[in-house]
Amino acid sequence: MAIEHTLGTGGPPGLSFDVRVRGRGDERVILNTVAIVLSVLALLSSTYFAFQQVSSMKRANYLPAYLALLNDFRSPTFHQHHRYLIQRLGVEHDPDLGISGLPAEAQEAVYDVAFFLHNIVILKRLGIIDDRYLMTLNNRVVRTWEAIGPFVQRERELVPLPHLLQILEDYAAVVAAVPPDSGRSLLRP
């Protein structure tokens with residue numbers, strides 16, 4: 001036997017409404033519905049945090065490689081090679097030689113700096129390095145590519161490696177097109 005109760009709002013007649021509760025069966029349905037909604041929300045939040053954790057763990061696996069690259073960047077030899085590429089490579093050598101036609105010291109400088117920057121850009125594309133951190137190297141990427149670009153283009157012709165340092169070239173073209181005062185800040189979260 002169902003028992004009906006009428007609850008009024010106690011307000012003016014035009015704004016009042018009646019709620020009819022038909023006993024314990026309706027209360028159970030409401031409680032079960034609330035429990036299901038809370039369970040679904042818990043499942044969704046758990047799934048979200050699981051994906052975040054997997055992403056974080058994936059980045060952590062690449063951390064040793066990233067730290068090794070940073071060690072290379074801190075070496076005086078790397079900075080000497082970069083300065084050589086920017087200031088002397090195009091002056092002392094003909095780009096028609098390609099990279100393989102350069103003396104050993106010049107080849108070492110090209111490969112040391114170019115592949116360092118190339119690998120950093122790859123880490124950025126894989127989502128391991130945040131774009132804000134790579135921005136600190138944008139000027140260096142553009143200047144390096146301007147210095148070695150003609151040598152790399154010729155090397156692609158001499159040795160059939162059509163994609164040699166292509167990722168570095170593509171990234172240099174993108175960042176060269178972005179004005180330095182574009183409003184992007186390293187301090188933004």
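**Exercise 1. Where in the chain do Glu-157 and Arg-154 lie, and how many residues apart are they?**

Step 1. Find the helix. Glu-157 and Arg-154 both lie in helix 5. Helices here are DSSP runs of H or I with at least four residues, strands are runs of E with at least two, and both are numbered from the N terminus.

Step 2. Count along the sequence. The two are three residues apart, about one turn of the helix. An α-helix has 3.6 residues a turn, so residues three or four places apart point the same way.

Step 3. Check the contact between charges. Glu-157 forms a salt bridge with Arg-154, and the closest N and O atoms are 2.9 Å apart. A salt bridge is a side-chain nitrogen of Lys or Arg within 4 Å of a carboxyl oxygen of Asp or Glu.

Step 4. Check the exposure. Buried means under 20% relative accessible area, exposed means over 50%, and partly exposed is in between (1.4 Å probe, protein chains only). Glu-157 has 57% relative accessibility, so it counts as exposed. Arg-154 has 27%, so it counts as partly exposed.

**A note on the model.** This is a predicted model: local features need pLDDT of at least 70, side-chain atom pairs count only at pLDDT 80 or more, and totals for chains, interfaces and linings use all residues. Residues are numbered from 1 along each chain as its sequence is written, and side-chain values use heavy atoms, with hydrogens and water left out.

**Exercise 2. How many salt bridges are there by this rule? Describe the others.**

Step 1. Take the total. The count comes to three salt bridges.

Step 2. Go to helix 2. Arg-88 forms a salt bridge with Glu-92, with the closest N and O atoms 2.6 Å apart. Both residues lie in helix 2, four residues apart, about one turn of the helix. Arg-88 is partly exposed because its relative accessibility is 41%. Glu-92 is partly exposed too, with a relative accessible area of 41%.

Step 3. Go to Glu-169 and Arg-156. Their side chains meet in a salt bridge of 2.8 Å, N to O. This pair links distant parts of the chain: Glu-169 is in helix 6, Arg-156 is in helix 5, and they are 13 residues apart. Both Glu-169 and Arg-156 are buried.

**Exercise 3. At which residue does helix 2 bend, and which of its residues are buried?**

Step 1. Find the bend. Helix 2 (residues 76-92) bends by about 45° at Leu-85. The bend at a residue is the angle between axes fitted to the seven residues ending there and the seven starting there.

Step 2. List the buried residues. In helix 2 these are Phe-78, His-81, His-82, Tyr-84, Leu-85 and Leu-89.

**Exercise 4. Which residues does Ala-114 contact, leaving aside neighbours within four places in sequence?**

Step 1. Ala-114 is in helix 3 (residues 104-125). Its relative accessibility is 0%, so it counts as buried.

Step 2. Name the contacts. Contact means heavy atoms within 4.5 Å. Ala-114 is in contact with Ile-148, Leu-165 and Leu-168.

Step 3. Look at helix 2 again. Ala-114 and His-82 are 32 residues apart in sequence and 9.0 Å apart in space, C-alpha to C-alpha.

Step 4. Follow one contact. Leu-165 is found in the loop between helix 5 (138-158) and helix 6 (166-177). Leu-165 counts as buried because its relative accessibility is 2%. Leu-165 has a positive phi of about 55°, although it is not a glycine. Most residues other than glycine have a negative phi.

**Exercise 5. What pattern does the chain follow, and where does pLDDT stay under 50?**

Step 1. Read along the sequence. The chain has six helices and two strands. The pattern is β-β-α-α-α-α-α-α.

Step 2. Take the average. pLDDT is the predictor's confidence in each residue, from 0 to 100. The chain averages a pLDDT of 84, and 81% of the residues score at least 70.

Step 3. Find the low stretches. pLDDT stays under 50 over residues 1-7. Over residues 185-189 it is also below 50. Where pLDDT is low, the predicted coordinates should not be read in detail.
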